[in-house]
Amino acid sequence: MTLDELYAEASMLSRRHWGVPFTGHIELVNRVWHNYNGKFVWKRSDPNAVPLIRMSRHRNAERMRSAVLGTLLHELVHWRLATEGIPHRDVNDEFIAECVRVGAPISGSTSAQNAYREYQAKRRYEERTGRKYDEAEAIV
Ligand SMILES: [Zn+2]
């Protein structure tokens with residue numbers, strides 16, 4: 001996918017899921033990536049930094065368009081929550097909940113997959129008991 005196509009898709013997805021235009025940046029690098037499909041970068045210590053979604057041309061070319069769009073949506077969830085000041089790391093419940101809501105894939109890393117399983121267990125507990133899962137209570 002070209003950079004223009006990625007911007008067009010990001011704009012559409014952002015309007016569909018959050019009702020706002022996409023105001024971040026997208027960068028396509030030429031490096032060969034094996035361990036990830038996309039990255040969200042935002043150096044908040046730098047007042048001039050803009051939220052950036054980075055993808056690899058090479059990596060995207062190896063993958064199905066639908067998979068690339070899934071990654072784009074996943075990175076958009078990082079962008080959306082980060083710009084709203086909501087916890088947005090791959091292991092945060094807020095992030096996982098938003099990925100589930102919009103249908104974005106969860107990161108394949110071990111820590112993110114463990115967090116996802118925990119998230120699902122908490123939701124099952126809530127469904128079963130009709131009560132909000134409470135970390136403090138659960139420790140007892
Ligand atoms: Zn992620």
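## Basis of the model

Residues are numbered from 1 along each chain as its sequence is written. The model is predicted, and local features need pLDDT of at least 70, side-chain atom pairs count only at pLDDT 80 or more, and totals for chains, interfaces and linings use all residues.

## Overall architecture

The protein contains 6 helices and 3 strands (DSSP runs, H or I of at least four residues for helices and E of at least two for strands, numbered from the N terminus). Along the sequence, these elements follow the order α-β-β-β-α-α-α-α-α.

The C-alpha atoms occupy a box of roughly 50 × 35 × 30 Å along the principal axes. Of the 140 residues, 24% count as buried (20 or more other C-beta atoms within 10 Å of the residue's own, with C-beta atoms placed from the backbone).

## Packing of α1 and α3

Two packed helices are described by the angle between their axes and the distance between the axes. Helix α1 (residues 3-18) packs with helix α3 (residues 65-83) at an angle of about 60 degrees, and their axes are 10 Å apart. Axes here are lines fitted to C-alpha atoms over the stretch in contact, and angles run from 0 to 180 degrees between N-to-C directions.

The contact (C-beta atoms, placed from the backbone, within 7 Å) involves L6, E9, A10, L13, S14 and W18 of α1, together with L69, L72, L73, L76 and R80 of α3. These residues comprise 8 nonpolar, 1 polar and 2 charged (Ala, Val, Leu, Ile, Met, Phe, Trp, Tyr, Cys and Pro count as nonpolar, Asp, Glu, Lys and Arg as charged, and the others, Gly among them, as polar).

Definitions and conventions:
Buried ≥ 20, exposed ≤ 12 C-beta atoms within 10 Å, placed from the backbone. Contact = placed C-beta atoms within 7 Å.
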